[in-house]
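Biologist: I am new to this structure. Can you show it to me, and then tell me what the labels rest on?

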Amino acid sequence: MGVIVKIRERARMCYSAEVSFASASTLIPMGVYCLRAAAFKAPRYWPLAAIPLFFGIQQVAEGLVWTGVARADRPMVAVAAQFYLFFAMAFWPTWFSLSAFLIETRSALRRCLAAWTVLSTGWFFIYYLPMALGAIPVEVLVVRHSIRYEHPWDAAALSVTARTGLRLLYLFTAAVPLLLTSERRKLYLPVALGTASAVVAAWSFDYAFTSVWCLLAAVCSTYTTYRFAVLPKAKDQGILGQVGGDDPADRP
């Protein structure tokens, strides 16, 4: 599988599994609600509506990692970690780029976003696929009551500068497409929340950056539920309502 399981610490593992499953049990229903709201209010925004659902599925995977560690079930940890890292390393930058492409209506910008989406799949082919095929081993470590995924772009052996550069490139790949769309004015806050979660994870939890950032970003994605809840019914509108329109969040 390409995943090596090592355990440095076993304390409070059940608590961490509970956190992962509890967050998943909240995010998955939120995602279903957002998808339903998008279907009735703004169908072309379903990719953004699905974000909490996908974060919930990712948290289920990490809950299974913790469960496998607690049971000393290495095959279970390997499979769950590989599934989790698919989201963390490959899925999100491509999904955000694809979402931006699908919600954009201007043809010239759509072509640009389509090219960006294709380029964003480089995270899958360059970083995730070699790990999935076993060409590059990935270690799963329990460090300070958190999961550390020792993978190529977040390895402890890398210098701080190298790790920071790769993280910034990842964030750049995922965030810029959303800031290029016609809807960028309404997406500033979600992007800012995602960026802030990355800063907090890097500053305070560098030893478990991938796990902590994904959890914090998942929490931030709950904001999506509110925005779809207040979105007025219309067949073709901005994701958060017409600019200067009847979006309750835009009222004084």
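This is a predicted model: local features need pLDDT of at least 70, side-chain atom pairs count only at pLDDT 80 or more; totals for chains, interfaces and linings use all residues.

Biologist: What makes helix 4 roughly antiparallel to helix 5?

Modeller: The angle does. Helix 4 (residues 74-103) and helix 5 (residues 107-120) pack at about 165°. Angles over 145 degrees count as roughly antiparallel. Therefore helix 4 is roughly antiparallel to helix 5. Their axes lie 9 Å apart.

Biologist: Which residues make the contact of helix 4 with helix 5?

Modeller: Helix 4 brings Pro93, Thr94, Ser97, Leu98, Ala100, Phe101 and Leu102. Helix 5 brings Arg110, Leu113, Ala114, Trp116, Thr117 and Ser120.

Biologist: How do the residues of that contact divide into nonpolar, polar and charged?

Modeller: Eight are nonpolar, four polar and one charged. Arg counts as charged, and Arg110 of helix 5 is part of the contact.

Biologist: Now the second largest pocket. How much space lies in it?

Modeller: About 230 Å³.

Biologist: How do you know which residues line the second largest pocket?

Modeller: A lining residue has an atom within 4 Å of a pocket point. For the second largest pocket, 14 residues form the lining. Thr164, Arg167, Leu168, Ala198 and Ala202 lie nearest its centre.

Biologist: Which helices each supply at least two residues of that lining?

Modeller: Helix 7 (160-180), helix 8 (184-204) and helix 9 (209-220). Helix 7 gives the largest share, six residues.

Biologist: What kinds of residue make up the lining of the second largest pocket?

Modeller: Nine are nonpolar, two polar and three charged.

Note on methods:
Residues are numbered from 1 along each chain as its sequence is written. Side-chain values use heavy atoms; hydrogens and water are left out. On a 1 Å grid over the protein atoms alone, a cavity is a set of points where a 1.4 Å probe fits but cannot get out, and a pocket is an open set with protein on both sides within 12 Å along at least five of seven lines; lining residues have an atom within 4 Å of a point. Grid points are joined across faces, edges and corners, and a volume is the space filled by probe spheres set on the points. Helices (H or I, at least four residues) and strands (E, at least two) are DSSP runs, numbered from the N terminus. Axes are lines fitted to C-alpha atoms, for helices over the stretch in contact, and angles run from 0 to 180 degrees between N-to-C directions. Angles under 35 degrees count as roughly parallel, over 145 as roughly antiparallel, 65 to 115 as roughly perpendicular and the rest as oblique. Contact means heavy atoms within 4.5 Å.
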